[in-house]
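Look at the model below.

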Amino acid sequence: MDMSEYKEIFRAESEEHLQQLNDSLLGLEQNPNDLEYINTMFRSAHTLKGMSATMGFNTISELTHEMENLMDMVRKSQVEVSNGLIDILFECLDTLEALVEAVDSGEEVDIAHLQATLTQAMEGNMPVEHIKNSVATSIDVIQNEIAKDIPDEGTKTQAELDTVIDNIELSDNEKQAMQEAVNDGNRVVSLKVILDESCVLKSARSTLVLINVSKMGDIIKCTPTEAELEDEKFDLDFTVIFATKSADDDIVGAIRKISEIKEVVPTTIAENSGVEEKQQETKAVDTEEKKSASAVKRSDAVKSIQSVRVNIERLDNLMNLVGELIINKIRLNQLASDLNAKDLDESLANLDRLTNEIQTEVMESRMVPIDQIFSRFPRMVRDLAKSEGKQINLIIEGKEIELDRTVLDEIGDPLVHLLRNAVDHGIESEEERKQLGKPVAGLVRLAASRQRNSVLIEVEDDGKGMEPGHLRDVAVKKGLLTREEVDKLSDNDALNLIFMPGFSGAKVVTDISGRGVGMDAVKTKIEALGGSVKISSVPGQGSIMKLQLPLTVAIIQSLMVTVSDETYAIPLGNVIRDVGIKASDIKTIEGKEVIMLRGEVLPLLRLHDILESSTEKEDKQNLIVVVVEKMGSNIGLVVDDLLGQQEVIIKTLDNKLLKNMKGFAGATILGDGSVSLILDIATLI
Amino acid sequence: MVKVMIVDDAAFMRMVIKDILTKNGHEVVAECVDGLDAVNKYPEVKPELVFMDIVMPNMEGIDALKKIMEMDPAAKIVMCSSIGQQSVVTDALKSGAQDFIVKPFDATKVLEVIGKVM
């Protein structure tokens, strides 16, 4: 059976369970006596075990199996919830995470060490296996002699019996029962049942056999005993002696209907001569039916989530198609107005409404709660705080806020970085906080809230904050700016220095933060999504980072401009304003064009030059400038004309030829069918 | 064709079982996310056969089995168990479950059990 097509859903669901395990374990750490956490973890581990075994991921199923055992022992109070136990379980979760991750690559993850730790944890408190002494209950050994005790015309020969009922001991009571059964016109059958070697739950399988046997007659004896069968204290075969009126063929047929049965051998060991064997319907079914004719009152209907998992690629395609649909709709509208066809108007209005609805629905279907990434932060912050010996209260707000899946995928790393900074550099050590009269436990707040057309994420801490003076010093020391330059910066601009490539605010680079991804990477990433990062900080009181993010990246508001008769889209998120200027107002500083605008020096760039367009605008006196923001500073782009604001559907340039092109975020198709490029301000200039 | 109801809290397991069933001409009339869901849906959809997971939130498979057997003593329920669940499965069989399969299972096992039970 090819399981590869289930990999995706396996991974997705496994990750959910891992999250649940993580959350519960964090909960358990706080409330070691709350067994509900253990129960939830047990269930998740169990489900993971079943899923991974089905996929054939044996390492995962082995590990989860042992975790399940350990948690079962905790449940039964055989193992105590200690810090050590929590740490072991966290280690298990990390390993599981790695294992689930490695599902695609097929990488091997060694779990031998962890298994040993788990075994120790279990053994340290109590031995897992303890063997019950089974007491033999039988009295008489009448091997090979059963037949002699009973009137025995028509029974099998002694030799044949030996093979079937070897080693069977019958008590007096059992012999009595056999005699009575025979007197009532029954046959006593010894049924030897051999299970398949592949049978996993032998005890349950044997129970099923016994249940079916008891439907055909009365069980007199079972070897091994029923209790032993239930405890799985047998190899593959067992023998049941029972009184029945059913024929051998029916008996064999009924038992053979059970799965995992290798062989069924019935042997008559006693029967009354002259009594005709009658096939009788078993009573069992009838009585059972009578038992429960009473109607069961239905409990109140429970809400069940009716949802399907859809591959994100499908949703991307759908979004793309919706884009095409809208473009075609716009063209149709244009054609209709050109043709002045009134009849078309009504159906076009309908089409308009429908496409809008489809667009909204598709966009909604791509939205996922931000909790999907927020939920992993409590664990991360806990580990960070622990490793640095800090106490931290993480407050998470607005985890139900929804964002486009693509945006969500991109903001995980930036948020990790910001949170690490907060814990690592923001929050002071315990002693420091005590001296400052602050609460010992530092506060980190991660909050999402919905603005009109965007989502605001704030990362706030009540730590030491940032000192503009210190940041200026660092910038000079690292040779990023001269002393003169930094002295000109306002305090607010000085804070923005941390976004400069090559700047790291940490005096000592620890192994936790400051690992390559700097604040500049955070800013670049957020801006590439069409968002923005703002920072404010009060020395001694803490810092707050505000990330403004678009709800979706598939459709953006753009300012449409023309340069040399080509239309370009500038994402509105980058645009500050547009102004008309006179060519005579342009000044040159160090050979570069600038203009004074509202008391500020605004560098000018001619889009015409950057894009290497051929023809120049005729009117060289009156220029149109679009002011855009890049890395906290404003730049003026000179364009030929402004066409207005428009929603554009982004088509990414992800084929081999174009994907390394800088300066363009993608392309879009306009209402008249022409293609226009979307400028990416971050990489264009 | 057998009308089957699948009860499992893992969407993954439901999908695997469902695909096996539908690819082999059976119909999945309901998918339930836990025991409670199963008990509620059973009288509505009246499946001919139920595949019942054991460890589930809200209501475990064994309790759901007992409730459904009370409602419909002729219900045909197959338990989906894992290694190490002997006692629960034994209990389930004694409470009226028709059969059980052990994870990991493949199409052969699932189809075999349907053949045996129906």
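Gly479(A) follows helix H19 of chain A and has a positive phi, near 70°. Helices (H or I, at least four residues) and strands (E, at least two) are DSSP runs, numbered from the N terminus. This is a predicted model: local features need pLDDT of at least 70, side-chain atom pairs count only at pLDDT 80 or more, and totals for chains, interfaces and linings use all residues. Residues are numbered from 1 along each chain as its sequence is written, while chains are lettered from A and ligands numbered from 1 in the order in which they are written.

H19(A) spans residues 468-477, and its buried residues are Leu471(A), Arg472(A), Val474(A) and Ala475(A). They lie on the same side of H19(A), because they cover an arc of only 165° around the axis. The arc is taken from the directions from the helix axis to the C-beta atoms. A residue is buried if 20 or more other C-beta atoms lie within 10 Å of its own, exposed if 12 or fewer, and partly exposed in between; C-beta atoms are placed from the backbone. Exposed Gly469(A) and Lys477(A) sit on the face turned away from the buried side of H19(A). The buried residues of H19(A) pack against helix H20 (483-488) and helix H21 (491-495) of chain A. Contact means C-beta atoms, placed from the backbone, within 7 Å.

Now the open sheet. Five strands of chain A form it in the order S6-S8-S9-S11-S10, with mixed pairing. Strands pair if DSSP finds at least two bridges between them. The edge strands, S6 (392-397) and S10 (532-538) of chain A, each pair on one side only. S10(A) and S11(A) (residues 542-550) run antiparallel, joined by seven bridges. Ser537(A) has Ser543(A) in S11(A) as its bridge partner.

Next comes strand S3 of chain A (residues 237-244). Seven of its eight residues are buried, so S3(A) is largely enclosed by the rest of the structure. Strand S1(A) (residues 187-195) runs antiparallel to S3(A), with eight bridges joining them. Here Arg187(A) stands opposite Thr244(A). Strand S2(A) (residues 217-223) also pairs with S3(A) in the antiparallel sense, over six bridges. Cys222(A) stands opposite Val240(A) in S3(A).

Last, the chain contact. How many residues does the contact take from each chain? Chain B gives 38 and chain A gives 37. On chain B, helix H1 (11-23) and strand S5 (99-102) are among the elements that each supply at least two residues of the side touching chain A.

Definitions and conventions: Two residues are in contact if their C-beta atoms, placed from the backbone, lie within 7 Å.
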